[in-house]
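Let's take a friendly walk through a protein chain. Have a look at the sequence and the 3D structure, then read on.

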Amino acid sequence: MSVIDKKGKLFGKLNIIDLLAILLIVAVLALIGYKLTSNSGGLAGAGQKVVYTVEVKNVDAAVYESLQKEALPSQLTAANEMLDAYVTDIQGTPADPNAYHMQWDGSSGDLTLSQSQDGAYNVVFTIEGTVKDNLTSELGTQEIRVGKTHIVKTTTFELEGGRIISCERLADEGAEG
């Protein structure tokens, strides 16, 4: 029995063109897999260090006082796992009692307008971490992009309704400048 028969099939079963198509598909899938998992900045990249700030408005005074006692850095959590991100600074300024804030309730989908509580604070968190995927810029389950809403959650506190107000991507330490 010859390798290629009179009909052009390999071992009497597989057409040469079909074999070339299968090999091409396998090569493309291998290349995509390599790009997704390589550390060379392919599709997903190797992650990047970021420093970003989140402002949470109208935080109750008692909660702010508790935050001031927080031992820093405080590691962030999401979906029952510890993230490669830490709250490194917490600053608060008294909220203007005459100010109104729009707040969206994600569970009900309602947008509400509320006045600042007397004695409340606007709190700014500085967070340092590493996003694993440069395309999605996600840290845990949240995208890190200026203007996005953000939940600041550690093992000891959680504040919803924050908004990312700044984000700086840091150059890799090993990169040449």
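## Two neighbouring strands

In this predicted model, strand S5 (residues 81–94) runs antiparallel to S4, and four bridges join the two. To find one of these pairings, look for Ser74: its bridge partner in S5 is Val87.

## The sheet and its helix

Where do S4 and S5 belong in the sheet order? Follow the order S4-S5-S8-S3-S12-S11: these six strands make up an open sheet with antiparallel pairing. At the edges you will find strand S4 (74–78) and strand S11 (149–153), each of which pairs on one side only. From one strand to the next, the twist averages 45°.

Now look for helix H2 (residues 61–68), which packs on the sheet. Helix H2 touches strand S3 (48–59), S5, strand S8 (121–131) and strand S12 (158–169). The direction of H2 makes about 45° with that of S8.

## The whole chain

Step back, and you can count two helices and twelve strands in the chain. Along the sequence, their pattern reads β-β-α-β-α-β-β-β-β-β-β-β-β-β.

The chain has 177 residues, and 26% of them count as buried. Its accessible surface comes to about 11,700 Å², with 55% belonging to carbon and sulfur atoms. Among contacts between residues at least 6 apart in sequence, 62% join residues at least 24 apart.

## A stop at Lys9

Finally, visit Lys9, which lies in strand S1 (residues 9–10). Is Lys9 buried, exposed or partly exposed? Lys9 counts as partly exposed because its relative accessibility is 31%, which falls between the limits of 20% and 50%. Leu19 sits ten residues away along the chain, and the C-alpha atoms of Lys9 and Leu19 are separated by 9.6 Å.

Technical notes:
Residues are numbered from 1 along each chain as its sequence is written. This is a predicted model: local features need pLDDT of at least 70, side-chain atom pairs count only at pLDDT 80 or more; totals for chains, interfaces and linings use all residues. Side-chain values use heavy atoms; hydrogens and water are left out. Buried means under 20% relative accessible area, exposed over 50%, partly exposed in between (1.4 Å probe, protein chains only). Two strands pair if DSSP finds at least two bridges between them. Axes are lines fitted to C-alpha atoms, for helices over the stretch in contact, and angles run from 0 to 180 degrees between N-to-C directions. Contact means heavy atoms within 4.5 Å. Accessible areas come from the Shrake-Rupley method with a 1.4 Å probe; for residues, only the protein chains shown count as cover.
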